[in-house]
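Come along and check each entry with me.

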Amino acid sequence: MLDQVINWNNVYLQAIRVNGGAPGPIARTGAILHAAIFDAVNSIEKTYKPYLGIIPAAFGASKEAAAVYAAYTVLSSVSVYPNSKEKSQSFFDTELKKARKELENSGLSLQSIDDGKELGIAAAQAIIQNRQGDGFNNNTSYTPGSQPGDWRPTGSGDAVTPNWGKVKPFSPTPIKKFRPTRPAGFDSKQDLLASVEYAAQVNEVKRLGSANSSDRTQEQTDIALFWANDLDGTYKPPGQLYTITQILSKLRGLSFSENARLFALVGLALGDAAILAWDAKYDTNLDLWRPESAIQLADTDGNSGTTADPTWRPLSPNPDGTRFSPAFPAYISGHATFGATHSGILRNFFGTDNVTFTATSEDPAARGNNGIRITRTFNSFSSAALENGRSRVYLGVHYQWDADAAYVSGTQLADFVFENLLTPI
């Protein structure tokens, strides 16, 4: 029988491609989706502590049907996927019909399927209700700063989801528990910008992340583009990590029930990783400017170790060949936070960091000279996460300390999630 956890993860990934959007809302949807699937399946098996609770289930209810209807109900909810009615509802309806046919052809009785349906809908409604008022639709305006070091728009639009750090976490602790330390330990932005550490960070990305860098190697360019997936039409950074989760699931031969728990742990952790990263980006007094601004306006930073280049642009490409920096502050890196958190969940789940796997990318620029999509092979989860963070320097959109701090905070978050959620009974 088709694994309905992976099947509906693929439905979700396609919805990301169609709807686009910012990383935070994408991660929130994934967390709700996979937590609902887990609670539905676990209400039958009762093997792990539930995310919200064990839901009464009829004897013989199909756990596969429960997963299908939990997923469909979540993705069809406008409080989870606001654009579903406009862009994706007919797609979700078609996928439900296909999944229902798959269940019926597998030999399950109609009663078993319908009992699973009732359970799945109940599990989805429970978590949708739980997330009401979580702050995901907070539209409080954000005013960029104008002083040296302050983030300001870089041509890719106004500040994106500036209130996401205030969203209610999925794990049972304040997200500020994992907030990173200040870059290089400087409390004052003025002292930070005047430091030798700051000059070193800026000059490295200036050299390696430029659109026309002569120092960046071909492999470094490949790494930058492989991990990017910033553009609408791709599965975005959370989607790339879910795809890696699928790759690992197949590589290790996980069962449907094991997938229900793994994807829920990944989803809940990535949901909180977005909140963690955006808290650091917007909810301190740092709101650090992107390298693009730092390099172009280096004559205003008070640092003799930096030199302004008003023509500098990052490697990060739009389809039309223009260059852009994402529309939110630099510190910390969202990519690196997602990657470290994902790596930590996989390490905990599989009981080792040392697993060899080959990952894929959907970024349209991540192709070799032969036109074939680039793949990357890793011998550990942590090495993939560290490369993910480093890639943002090569892309010209982050400093290395954005990635380093994100790796520490994301790893701490992953360990907390694994130790406190969906644990064995």
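**Entry 1: the pocket**

I looked up which helix gives the most to the lining of the largest pocket, and I found H2, with five residues. Helices, by the rule I used, are DSSP runs of H or I with at least four residues, strands are runs of E with at least two, and both are numbered from the N terminus.

I noted that this is a predicted model, where local features need pLDDT of at least 70, side-chain atom pairs count only at pLDDT 80 or more, and totals for chains, interfaces and linings use all residues. Residues are numbered from 1 along each chain as its sequence is written, and side-chain values use heavy atoms, with hydrogens and water left out.

How much space lies in the largest pocket? I wrote down about 820 Å³. A pocket here is an open set of points on a 1 Å grid over the protein atoms alone, where a 1.4 Å probe fits, with protein on both sides within 12 Å along at least five of seven lines; lining residues have an atom within 4 Å of a point. The volume is the space filled by probe spheres set on the points, which are joined across faces, edges and corners.

I found 44 residues in the lining, and Gly 21, Ala 22, Pro 23, Pro 25 and Val 160 lie nearest the centre of the pocket. Helices H2 (23-45), H9 (236-252), H10 (256-282) and H12 (334-350) each supply at least two lining residues.

**Entry 2: the ring pairs**

I looked up aromatic pairs next, and the structure holds 16. Rings of Phe, Tyr and Trp (its six-membered ring) pair if their centres lie within 6.5 Å; planes under 30 degrees apart count as stacked, over 60 as edge-to-face and the rest as tilted.

Why is the pair of Phe 357 and Phe 378 tilted? Their planes are at 40°, so the pair is tilted, and the ring centres are 5.7 Å apart. Phe 357 is in strand S1 (residues 357-359) and Phe 378 in strand S2 (residues 376-378), so I marked this as a link between distant parts of the chain, 21 residues apart.

I then checked burial (buried means under 20% relative accessible area, exposed over 50%, partly exposed in between, with a 1.4 Å probe and protein chains only). Phe 357 is buried at 3%, and Phe 378 is buried at 4%.

Finally, I noted that ring pairs link Phe 226, Trp 227, Phe 349, Phe 350, Phe 357, Phe 378 and Phe 381 into a cluster.
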